[in-house]
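Take a look at the protein below.

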Amino acid sequence: MNSRLYVVVLSLFGFMGCSDDFLDAEPLTEQTTSNFYQTTEDAWTALVGCYDGMQVATGAYAEGFYTVSEVLSDDCFGGTGNSDGFGYQAMDEFDINRAPGSVNLLGGVWAGYYKGINRVNTLLQYMDQINWEGQDALRERYESEARFIRAYLYFDMVRLWGNIPLLTEPSAENIPQSDPDEVYAVIAQDLLFAASHLPEEAYSAVENGRVTRWAAKSMLGRVYLYYTGYYGQPDLVGLVSSAEALQHLEDVIEMSGHGLVSDFSQLWPAASTTDYAGEDNLEVVFSVKYTHTSDYNGNTDGNHWMVMFGMREFSSFPYGNGWGVTVNSKLYDLYSDTDSRRLSTIIAIEEEEVPFDNQAGQREYTGYYNKKYAPMVDEEGSSLAVLVGGVNFMIGQFQDYTVMRYADVLLMAAELGSANAQTYFNEVRQRAYGDDFSQIAPNQQNIMNERHLEFALEGIRYWDLMRQGVGTAASEIAESTVLLNGGVETDKTISASKIEATQGLSQIPNSQIALSGGVLQQNAGW
């Protein structure tokens, strides 16, 4: 599969049919459930549609899952423009009173995720209708990939909102929210199926961008740690124990062929303008693929949230302009001077002598921006997204989102008590510190501290805090400081009580509650 396969945009499928017998003839121009799901080629097309659904759900919205994950964390402020509405501050401060009109901030995201899930459910429902021509292994592979995508989408949703309707087959029924345990049971079952039915082959034998056995096993580790931590349970809904989660991770380490890129900076385009390791480097266990071909005619293939992390309406090679979600200065200060990850993670305006001159237009200015997911320009200041053919810098960003890195697998295995915990922990730290590397014990606190430094600004930190308990997350995120709004010093407060009141969950879009006729209930605190 070409790494940009997912530029294919499928509208799966406005299925129609007639009930009168005398009209029961095959449509000549329309694809229906009766005439489409027939061949392995049809199955492949539908599977590509599932990948596309995931791409759109995760990439089409400025306030998508990644953006929200960072704004909710202690690593970023809402930022944006000094004359913008305060929706991002409402998210950042867990307080809808900051922007009382912003009751549908995540409305598109909610709908986009369910559209993606519907594509998967439709394919799974019609698997038996397809003539697999005796290719049982192919069927298992396609079903595994589709079920991984469903698990991935539901895991994002249940973490964001906690209380969501659960659909495992196509349906237009207006159903209430399910107990999170029911959602996690489907997630676990889907990932276990993928982990046992996808080919047991090195990642390099699989086309870039497709789900592998190793991605499924790695995600089982992540889901196990989050569920057992946030909900305080001993196992993953009775389906995965601690020992089993660890074994899945050990399998990835032993058999996948994945490893660490030797230079941390080479993982990120803006940090390694001449020696970027590429989107298919050996450390990427799973990523969501994006490309530059989004347009305003319904094609949504790009990384539309990345523009949120660019410097506010200012560019300076290699960093492109954007809408100015800012990085907390505390994150920059957290890194030691010998930690190579700091320079690759954060754009430091003063320290790098970036001639940023738009403080008047920037809200919550800190002097720091996201480098891992920074829009980029060439030396003449032209957007790389436009240079490769994008419509504009806003919707043409094409950097993939790395969902899971091998470093995460190592640290999760260490956290779960691997006999090799010290070795795994050392591997990650030695890459960061080089000759200044010093060995420390891989206890829980040290591992969580290392995860913060290793995965900062990758959409992981907030969920690592939440799985340590809402109280712990609230105390870490809570802040009272002074930031610059339009160049003017302004108080900024994030209250621990607000985080605890919401249990760290996001606001369910009011539009969805209204459409449900009140069947859906708003999360507490919103």
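Helix H7 gives the most to the lining of the largest cavity, with 3 residues. The model is predicted: local features need pLDDT of at least 70, side-chain atom pairs count only at pLDDT 80 or more, and totals for chains, interfaces and linings use all residues. Residues are numbered from 1 along each chain as its sequence is written, and side-chain values use heavy atoms, with hydrogens and water left out. Helices (H or I, at least four residues) are DSSP runs, numbered from the N terminus.

**Largest cavity**
- Rolling a probe the size of a water molecule over the atoms shows where empty space is left.
- On a 1 Å grid over the protein atoms alone, a cavity is a set of points where a 1.4 Å probe fits but cannot get out; lining residues have an atom within 4 Å of a point.
- There are 7 cavities of 30 Å³ or more in the structure.
- The largest cavity holds about 120 Å³ of space, where a volume is the space filled by probe spheres set on the points.
- Its lining includes Phe155, Arg159, Trp463 and Asp464.
- Helix H5 (136-161), helix H7 (213-230) and helix H15 (461-466) are the elements that give two or more residues to this lining.
- By class, the lining has 6 nonpolar, 1 polar and 5 charged residues. Ala, Val, Leu, Ile, Met, Phe, Trp, Tyr, Cys and Pro count as nonpolar, Asp, Glu, Lys and Arg as charged, and the others, Gly among them, as polar.

**Second largest pocket**
- A pocket is an open set of points with protein on both sides within 12 Å along at least five of seven lines.
- The second largest pocket has about 260 Å³ of space.
- Of its 15 lining residues, Asp74, Leu334, His452, Arg461 and Glu476 are the closest to the centre.
- H14 supplies the largest share of this lining, 5 residues.
- The classes here are 5 nonpolar, 5 polar and 5 charged residues.

**An enclosed helix**
- Why is helix H2 (residues 65-72) largely enclosed by the rest of the structure? In H2, 8 of the 8 residues are buried, meaning under 20% relative accessible area with a 1.4 Å probe, protein chains only.
- Phe65, Glu70 and Leu72 are among them.

**A helix pair**
- Helix H12 (residues 406-415) packs with helix H13 (residues 421-433) at an angle of about 145 degrees, their axes 8 Å apart. Axes are lines fitted to C-alpha atoms, for helices over the stretch in contact, and angles run from 0 to 180 degrees between N-to-C directions.
- The contact of H12 with H13 has 9 nonpolar, no polar and 2 charged residues.

Technical notes. Buried < 20%, exposed > 50% of the residue type's maximum accessible area, 1.4 Å probe, protein only.
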